[in-house]
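Here's a quick look at rings and charges in one protein model. Have the viewer open and follow along.

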Amino acid sequence: MIHRQLSACAAISLAMAVFPAAAEDLTIGLASEPTAVDPHYHDVSPNNALAMHIFSALGELDADQNVHPSLALSWDTEDDNTWVFKLRDDVTFSDGSKFDADDVIFTFCRVMNNEGSVAATASSEVTNFASVEAPDPYTIRIKTKNVEPLLPELLSQILVLSDGIVEHGDLSFDLENDCGVTGAWPTVDDFNNGDAAIGTGPFVLEKFSKGAGITISRNENYWGKAPEWDKVSFVPVPSAGPRLAGLLSGDYDLIENPAARDIGQIEKRDDLEYTAAASNRVIFLQMDIGREDSPFVEADDGSNPFQDERVRRAVSLAIDRQAIVDRIMDGFAQPAYQFVPDGMFGGIENPEPLNYDPERAKELLVEAGYPDGFKITFHATNDRYINDSQVAQAIAQFLTRVGIQTELDAMTRSIFFTRRSNKEFSFSMGGWGSSEGGAASFLRQYVTTENDDLGVGASNYGAWSDPEFDEVLLKAITTIDENERKALLQKAEQMAVDKLGFIPIHFESSIWAHRKGLNYEGRKDQYTLAYKITSDAGE
């Protein structure tokens, strides 16, 4: 049984938050631009981080990804399938309307009625709901179809909307009858233009202009500790050089992900500092294993080589992970031998290194029936992950050296994610931050056979499928006992690594560079949250 509750003193302290006397504006240079304000549009870090300024969830993950109360004061279980969340009764939305259980029910319904979402964002959690009831305005009772021991962590990722943004009658979790909503469901454009961007977060949206910038201002109705900043401007600057130049010139107060090679330059400045933190984001390779005729693979016999485990192992052996970390990431990364960082819940303890052995890779290709190799097109982003274009180029070169003639097609993330969701690729590079649930996060989202009813495998674009793995993973994510669940997840993680349905490359580190006098705790999820940035003057 899980039970957490804010102390009465803490709750009173938050409710009586005092605005800082000497607030000022903050300008942040973003490495990766959010694609929408809509918190249910696409589950990627830049979008999530922006949305968390404007909206709140029932729970909140801290920098180390531990869940704490937020719009819910506490939660408890009545039995393995029934959770009860007690809501705050002192919260208003940015438009002054009162928050209550109807807003939570409406939010769950909207997640399931969001035709514009990418990869069915957030719906896997709600799919598992057998019922949602509100016995009173500040209590939510959720019955799940399958046991979900991580429900508070998962719900910390579903940001709550105001039911005032749609026309509706009495609201209930009745999906077949639109939950009582009588008007049109909000679209991503409704959020981007500000009409539906009404939340309970510490800021309100002033402007969202793709490619130009985002401006938010302090929410005077915010229920929690007031942020130090009156106004925050986010400026997208995908290239590290101009981003650093903007910091050096004083145009930006803080920037994301300066190039590691520039850290020495920052250290020499008396007016600048930086914060570095290990992240939970793994960069990995995903292969089309499900289709016998894959669009971007060309083998002499017409087969799909990725369906052969020996070929996938050859791909792994062909890549020098340590060289990527040393030469491209400048040491601010770790080679990945599994899909979550060492020490994360359910991860393998001291995993065996995935060695670099190009000669053995060539032998495996011969054994698999590809003595002359084969041709592939490798798809990757060039503006999403740290040094993603350079990393992809290096991987293409490593593979070509062992006989897999690899042509890189790198593209902007907005195009890449759409094409990947349409399962257009044969071989691609992705990234995933396991922000909740430890090892379960990546395994259930990517590795498990796609099953909409169970809410798993939504990102399994290559149709990797192993019934033995599925059995272990599905048992793990429905096991209440933490020790037993941890052991099952470790077994599933090892199975995923052994069969290489996906190939881990490295774990990113995150760096924030900023003017001296600012303070920011590096986060494992890599989010840049302006309301967590403080100044020496404001403390």
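## Charges and rings

At 32% relative accessibility, Lys-362 comes out as partly exposed. This is a predicted model, by the way. The partner of Lys-362 is Glu-359, and the closest N and O atoms of this salt bridge sit 3.5 Å apart. Glu-359 is partly exposed too, at 49% relative accessibility. Both residues belong to helix α11, where a spacing of three residues puts them about one helical turn apart.

How many salt bridges are there in total? The count comes to 25. Here are three of them, with the N to O distances:

| Salt bridge | Closest N and O atoms |
|---|---|
| Glu-359 and Lys-362 | 3.5 Å |
| Arg-523 and Asp-525 | 2.8 Å |

Are Arg-523 and Asp-525 buried or exposed? Arg-523 has a relative accessible area of 4%, so it counts as buried, and Asp-525 is buried with a value of 4%. Salt bridges with shared partners also join Glu-24, Asp-253 and Arg-515 into one network. Back in the table, Glu-424 is partly exposed, with 28% relative accessible area.

Glu-298, Asp-300, Asp-301 and Asp-372 gather on the surface as a patch of negative charge, and patch members are by definition residues with no salt bridge. Asp-372 sits in the loop between α11 (358-367) and β16 (374-381), and a relative accessible area of 61% makes it exposed.

Now for the rings. Searching the whole structure turns up 25 aromatic pairs. One of them is Trp-75 with Phe-85, a tilted pair at 6.0 Å centre to centre and 45 degrees between the planes. Trp-75 is in strand β5 (residues 72-79) and Phe-85 in strand β6 (residues 82-87), so the pair ties together parts 10 residues apart in sequence. Trp-75 is buried at 1% relative accessibility, and Phe-85 is buried at 1% as well.

Trp-432 and Tyr-446 make an edge-to-face pair, with 5.3 Å between centres and 70 degrees between the planes. Trp-432 is buried at 11% relative accessible area, and Tyr-446 is buried at 2%.

Which cluster do these two rings belong to? Ring pairs join Trp-432 and Tyr-446 with Phe-284, Phe-339, Phe-442, Tyr-461 and Phe-502.

Conventions:
Residues are numbered from 1 along each chain as its sequence is written. This is a predicted model: local features need pLDDT of at least 70, side-chain atom pairs count only at pLDDT 80 or more; totals for chains, interfaces and linings use all residues. Side-chain values use heavy atoms; hydrogens and water are left out. Rings of Phe, Tyr and Trp (its six-membered ring) pair if their centres lie within 6.5 Å; planes under 30 degrees apart count as stacked, over 60 as edge-to-face and the rest as tilted. Helices (H or I, at least four residues) and strands (E, at least two) are DSSP runs, numbered from the N terminus. Buried means under 20% relative accessible area, exposed over 50%, partly exposed in between (1.4 Å probe, protein chains only). Patches are made of residues with over 30% relative accessible area and no salt bridge: like charges are joined within 9 Å, nonpolar side chains (Val, Leu, Ile, Met, Phe, Trp, Tyr) within 5 Å. Accessible areas come from the Shrake-Rupley method with a 1.4 Å probe; for residues, only the protein chains shown count as cover. A salt bridge is a side-chain nitrogen of Lys or Arg within 4 Å of a carboxyl oxygen of Asp or Glu. Lys and Arg count as positive and Asp and Glu as negative; His and the chain ends are not counted. The place of a charge is taken as NZ of Lys, CZ of Arg, CG of Asp or CD of Glu.
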